[in-house]
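Dear colleague,

I am handing over the structure below, and would be grateful if you could look through it alongside the notes that follow.

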2 protein chains.
Amino acid sequence: MRIYDNPSKTIRDQLCRRPALEQASLDILMDEIFEAVRKDGDRALIRYTEKFDNITPQNVALSLNEQQAIALRTPKALMRAIDRAYDNIRVFHAGQVLDQRKETVEILPGVTCWRESRAIERVGLYVPGGTAPLISSALMLGVPAQIAGCKEIILCTPPNKLGAIEPAVCYAAAKIGAKKLMCVGGAQAIAAMAIGTKCVPGVDKIFGPGNQYVTAAKQMAVKYGVAIDMPAGPSEVMVVADETARPDFVAADLLSQAEHGTDSQVVLLATCNKIAKAVNDEMSRQLATLPRKLIADKALTNSFCLVLDTIDKMVNFANNYAPEHLILSVALPEQLATQVANAGSVFLGNYSPESAGDYASGTNHTLPTNGWARSYGGVSLDSFIKKITFQTITQSGLRSLAEVIVPLANAENLSAHARAVTIRLRNNL
Amino acid sequence: MRIYDNPSKTIRDQLCRRPALEQASLDILMDEIFEAVRKDGDRALIRYTEKFDNITPQNVALSLNEQQAIALRTPKALMRAIDRAYDNIRVFHAGQVLDQRKETVEILPGVTCWRESRAIERVGLYVPGGTAPLISSALMLGVPAQIAGCKEIILCTPPNKLGAIEPAVCYAAAKIGAKKLMCVGGAQAIAAMAIGTKCVPGVDKIFGPGNQYVTAAKQMAVKYGVAIDMPAGPSEVMVVADETARPDFVAADLLSQAEHGTDSQVVLLATCNKIAKAVNDEMSRQLATLPRKLIADKALTNSFCLVLDTIDKMVNFANNYAPEHLILSVALPEQLATQVANAGSVFLGNYSPESAGDYASGTNHTLPTNGWARSYGGVSLDSFIKKITFQTITQSGLRSLAEVIVPLANAENLSAHARAVTIRLRNNL
């Protein structure tokens, strides 16, 4: 990775920008797919699966019996790992239930307002396949949906080489209480969940990672009135390292992000050039024995080391960059953590690798990329809930409020708004 | 309004769809405006203001002194109304601070995870002008931003006929602690906040209502990496009325929504035809003396009464429709409220008009329209905050997690993820 040693503010600002993506406009293709799914329903899903995945799915929708039968083929050790990951994710997200309590406030005598949480009723989870099925994504999306109490949890995942769903995904889907498991992937799966077909129920919100086609389809789904979890971009990690960091650990963390895809970006923020060089050396060594070496190597060309001589500059850079994952391999990570303003998930100390959060510690791995951490948090229980406000007002409460409502409504030229109040007080003013 | 008396399920489903909007694609115009603002900055803002608002603004950015001087021209009675609305909104939203507390969970010995809230640093509030400045929107957006502790609160509003900002908006802006007040409206204001100009700072998230141009510009802002509060559509209210409802109150509530714009939709759900007719008669009577009669009258052509003979059917219809505002003018509103699954804000009983929530009771009036209440709540403190997850793991904690991480990473073909863990345990396995 290229090392920038205390570059100017201008260069630092440039480095905060993500590498430009090849953003071929997929709008025309998406229009075509959504229109075909609207018109031909499940037949369009099979057609696109044959076209894009080169396979005819055995079934689009699996029955619960089929799902359970396939799930049992999951290797026992993997089942146990899924069970434990499920438990940890559940424990962490269950803690968020407290934020969903009813909040009642008496604003004035006779004016009582509150918020109540309601689960989003129908949610669609997308679990990518590609080189391997992302079992962990099924858990990360499904566990909070289950805790929220979403009535219908639908899971779509592309067929494997046999035209079926991987046993481990069936096992995870059963654990999270997915009502329907669909063997369909790509943009056509997103279109199906947005519009609804005979096999695939339409949903209110779509969650999950995916390639550029899935991302474009999720954007199109919004035009169909369906919400999405967050805007997506390539995965990324930033490691902040001082002289207490272990170069071999840091290199392993950077490579674990780089192996995701050729468009991943990894960034090392180091307190001195020596660390940057040591990490670079370690990366070369470790890269040599990595199965996904070619992918990681390509990702490193988008990546860089930045040496900065003050903690303030490091914190500023990290907050401006707003990384998806931020690893603090420094002497006092707790202290630095308090200064983090923009990040998806933060890992403190030398024994908190990103892959712990990716799979097992319980935090969610569906996180904002591409600078979206400035405005978005990761997926959580909140993502599966909306809060509704309620109010109940007595006639005397309304009389107090009238002194506020009437002048404001009149100032906004909305006299029917004022009248809705005065008509209720007519007999008593 | 047309009355549908216990129509078929098919008709009921059709009635849940909103009237089709004239969705002339504004993409080309938006591309042009954003590109001009990117290239010419503030000069483009002045040019578009002259073109669209037919006025040259006195200043694009007001200094704090100018803002305060103008604010003092607000009529005293209106100032007092703003003060009281501000206080009530503040009390209600301050109750939401509890949801922002740090949540620490010890997942296993040596594995500690938590979430912390961070304010979105730079937020842009859009306050429409048009026939009158929406002072209340400045408060509804600004108060939660202020409580959240957003570092920079920017407010944009179009110039009035004198090319300046209305005193009451200046007064509200000062109360909410807006750092910069900009005299610019429309799509160009949104582009400026998305991109940043010399006068208008770029922001991380844009909030606020607006016409179709503002809505299209907000969608474009997302492509520039800037978040928005929620997708927008015309305002709407649904009133559920049984024989305990007062037809004159119900008619006043329906008209208060209808006066917003010709594309507003108002819906009456009545338990019997007699109520529907009585409300219709009252609406005709009240409409005659309404200053915005023509607007309201046109909105009523998009609107309807639906008579349904069971409470279950009413609840189902309301939840399928997912109204922005839902008024329950029934004998036992608390009971019905528990069954509400999808709505922006709910008003219980005969003395809780929507205009109380629009201005004064403390709940937020920035709410999901067009069926988005299925997946979105209204603006709240949460809208100005993102939650970051943190974790700290000891070496022995990591050793426990390794049994989960390694099998899952291998099943997903991500061996560098596994190695980031095993390398840390090498000396001790």
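Into which domains is chain A divided? Taking bounds from an automatic or database domain assignment, chain A is divided into domain 1 (2-18 + 234-362), domain 2 (23-108 + 118-228) and domain 3 (394-426).

Please keep in mind that this is a predicted model, in which local features need pLDDT of at least 70 and side-chain atom pairs count only at pLDDT 80 or more, while totals for chains, interfaces and linings use all residues. Residues are numbered from 1 along each chain as its sequence is written, chains are lettered from A and ligands numbered from 1 in the order in which they are written, and side-chain values use heavy atoms, with hydrogens and water left out.

**Domains 1 and 2 of chain A**

The centres of these two domains, taken over C-alpha atoms, are 31 Å apart, and 7 residues of domain 1 are in contact (heavy atoms within 4.5 Å) with 8 residues of domain 2. Together they bury about 510 Å², 50% of it on carbon and sulfur atoms, where buried area is the accessible area (1.4 Å probe) that two parts lose on being put together, summed over both. Of the area that domain 1 buries here, Tyr359(A), Ala360(A) and Gly362(A) supply 72%, more than any other three residues. Between the two domains there are 0 salt bridges, a salt bridge being a side-chain nitrogen of Lys or Arg within 4 Å of a carboxyl oxygen of Asp or Glu.

**Chain A against chain B**

The contact between the chains takes 115 residues from chain A and 116 residues from chain B, and the two chains bury about 10,200 Å² between them, 57% of it on carbon and sulfur atoms. The count of salt bridges between chain A and chain B is 14; one of the salt bridges joins the side chains of Arg115(A) and Asp99(B), at 3.2 Å from N to O. Helix α16 (residues 395-411) of chain A gives the largest share of the side of chain A that touches chain B, namely 11 residues, with helices taken as DSSP runs (H or I, at least four residues) and strands likewise (E, at least two), numbered from the N terminus.

**Two residues with positive phi**

Asn6(A), although not a glycine, has a positive phi of about 45°, and is found in the loop between β1 (2-5) and α1 (9-16) of chain A. In chain B, Asn370(B) has a positive phi near 55°, and lies in the loop between α15 (354-359) and β15 (385-393).

With best regards
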